[in-house]
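I want to look up the overall fold first, then a couple of residues.

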Amino acid sequence: LCATGHICPGYGRLLPEACPAGFVCPSLGLSTPALLCPAGYYCEESTVTIDPSDPLVKGPKPCGDGVFCLGGVAHNVTIDWVPAVKKGVSAPQVCTEGSYCQAASTSPSGSG
């Protein structure tokens, strides 16, 4: 049985894989990631909870000031999002010009 924070994809696999960045794997025995990382946060490999305030397990980390994060963000490196390029959607995005985004913002207009 796969531990939390891991997946066991495919029939006959002997070793589990870390839950991919951008996802949360909160339960035992998953063959695919269970949840997207929550909006406003990024999730590194092996994230086990959607609760960013849980100090006991690996959880989501807030996206920084000046950027916003949609659900499923995998790291804290800003990459310009061009809709035809998939990797941009899993990265923090710069806020709309004239707006300010506090840490953990979920929209391009931030907090004003």
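This is a predicted model: local features need pLDDT of at least 70, side-chain atom pairs count only at pLDDT 80 or more; totals for chains, interfaces and linings use all residues.

What pattern does the protein follow, read along the sequence? I get β-β-β-β-β-β-β-β, and the count is eight strands and zero helices.

**Overall**

I looked up the extent of the C-alpha trace, which spans about 55 × 35 × 15 Å along its principal axes. Of the 112 residues, 29% are buried. I then checked the contacts with a separation of 6 or more, and 40% of them join residues 24 or more positions apart. For charges I have 5 positive and 8 negative, and their mean positions sit 11 Å apart.

**Cys 43**

I found Cys 43 in the loop between strand S5 (41–42) and strand S6 (61–62). Is Cys 43 buried or exposed? It counts as buried, because its relative accessibility is 0% and the cut-off for buried is under 20%. Ala 21 is 22 residues away along the chain, yet the two C-alpha atoms are separated by 5.5 Å. Skipping neighbours within four places in sequence, I listed the contacts of Cys 43, among them Ala 21, Phe 23, Cys 37, Pro 60 and Val 73.

**Thr 49**

Thr 49 lies in the loop between S5 and S6 too. I have Thr 49 down as buried, since its relative accessible area is 14%. Which backbone nitrogen lies 3.1 Å from a polar atom of the Thr 49 side chain? That of Asp 51. Beyond four places in sequence, Thr 49 is in contact with Val 24, Asp 54, Val 57, Lys 58, Gly 59 and Pro 60.

Definitions and conventions:
Residues are numbered from 1 along each chain as its sequence is written. Side-chain values use heavy atoms; hydrogens and water are left out. Helices (H or I, at least four residues) and strands (E, at least two) are DSSP runs, numbered from the N terminus. Buried means under 20% relative accessible area, exposed over 50%, partly exposed in between (1.4 Å probe, protein chains only). Contact means heavy atoms within 4.5 Å. A polar contact is a pair of N or O atoms within 3.5 Å; within protein, one must be able to donate a hydrogen and the other to accept it, and residues adjacent in sequence count only if both atoms are side-chain atoms. Lys and Arg count as positive and Asp and Glu as negative; His and the chain ends are not counted. The place of a charge is taken as NZ of Lys, CZ of Arg, CG of Asp or CD of Glu.
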